[in-house]
Amino acid sequence: MLWVPALFLVFLAPVMQVSSNMEEDKLSVMRATGSSVVMDCDLTGSYIHWYKFQDGAVPRRLLHYIVSNSKVVLDSGISEGKYHVYKGTGKSYTFVISNLQESDSGTYYCAVWE
């Protein structure tokens, strides 16, 4: 498995703010409750996976994207409509979290398995 060096942190705040720390391609994002956040991932592989990490909890895979047929497969217990993946150009994929809630705070990673 290959983990992308990008690290996405999502925090909720009453105002919208985006900051970027280029060290290790980390991106810290703050959005208002109910809004959405868009995160890009640049990987090459047959299956692109997105994981959520929260302090004190076991890391959880949210979904995987099958590149060959552009299909998003949600993991068990993940609600339809919350997470979306879109294929960009080249090896770029866009991960979207909709209707942000406090429970969405955490660190998100994309990874590839071959």
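Which residues does His64 touch, not counting residues up to four places away in sequence? I will start there. His64 touches Tyr47, Ile48, His49, Lys71, Val72, Val73 and Asp75, where contact means heavy atoms within 4.5 Å. His64 lies in strand β7, and at 14% relative accessibility it counts as buried. Buried is under 20% relative accessible area, exposed is over 50%, and partly exposed is in between, with a 1.4 Å probe and protein chains only.

Before going on, the conditions. This is a predicted model, in which local features need pLDDT of at least 70 and side-chain atom pairs count only at pLDDT 80 or more, while totals for chains, interfaces and linings use all residues. Residues are numbered from 1 along each chain as its sequence is written, and side-chain values use heavy atoms, with hydrogens and water left out.

Now the overall picture. The chain has 0 helices and 11 strands. Helices (H or I, at least four residues) and strands (E, at least two) are DSSP runs, numbered from the N terminus. The order along the sequence is accordingly β-β-β-β-β-β-β-β-β-β-β. The chain has 114 residues, and 38% of them count as buried. Among contacts with a separation of 6 or more, 51% come from residues 24 or more positions apart. The accessible surface is about 6500 Å², and 54% of that belongs to carbon and sulfur atoms; the areas come from the Shrake-Rupley method with a 1.4 Å probe, and for residues only the protein chains shown count as cover.

Next, the core. A nonpolar core here is a set of buried Ala, Val, Leu, Ile, Met, Phe, Trp, Tyr and Cys residues joined through side-chain atoms within 4.5 Å. The largest one has 20 residues, and the members that touch the most others are Ile48, Trp50, Leu62, Leu63, Tyr83, Phe95 and Ile97. At least two residues of this core come from each of β5 (37-42), β6 (47-53), β7 (60-66), β9 (83-87), β10 (92-97) and β11 (106-113).

Take Trp50 from that set. Leaving aside neighbours within four places in sequence, Trp50 is in contact with Cys41, Arg60, Arg61, Leu62, Leu63, Tyr65, Val85, Tyr93, Phe95, Tyr109 and Cys110. Trp50 also belongs to an aromatic cluster with Tyr83, Phe95 and Tyr108.

That brings me to the rings. A pair of aromatic rings is described by the distance of the centres and the angle of the planes. Rings of Phe, Tyr and Trp (its six-membered ring) pair if their centres lie within 6.5 Å; planes under 30 degrees apart count as stacked, over 60 as edge-to-face and the rest as tilted. The structure holds 5 aromatic pairs. In one of them, Tyr83 and Phe95 have ring centres 5.7 Å apart and planes at 10 degrees, so this pair is stacked. The pair links distant parts of the chain, with Tyr83 in strand β9 and Phe95 in strand β10, 12 residues apart. Both Tyr83 and Phe95 are buried.

There is also a charge over a ring, which requires NZ of Lys or CZ of Arg within 6 Å of the ring centre and within 35 degrees of the ring normal. Lys87 lies over the face of Tyr93, at 4.8 Å from the ring centre.

On to β5. Its covered face carries Val37, Met39 and Cys41, and its uncovered face carries Val38, Asp40 and Asp42. β5 pairs with β10 in the antiparallel sense over 6 bridges; two strands pair if DSSP finds at least two bridges between them. Within this pairing, Val38 stands opposite Val96 in β10.

What follows β10? The loop between β10 and β11 contains Ser98, which at 16% relative accessibility counts as buried. Ser98 touches Ser35, Ser36, Gly81, Lys82 and His84, not counting residues up to four places away in sequence. Asn99 is in the loop between β10 and β11 as well. Asn99 has a positive phi of about 50 degrees although it is not a glycine, and with a relative accessible area of 44% it is partly exposed.

Ser70 also has a positive phi, about 55 degrees, without being a glycine. Ser70 lies in the loop between β7 and β8 (71-74) and counts as partly exposed at 49% relative accessibility.

Last, Thr107 in strand β11. At 16% relative accessibility, Thr107 counts as buried. Thr107 and Pro59 are 48 residues apart in sequence, and their C-alpha atoms are 9.4 Å apart in space.
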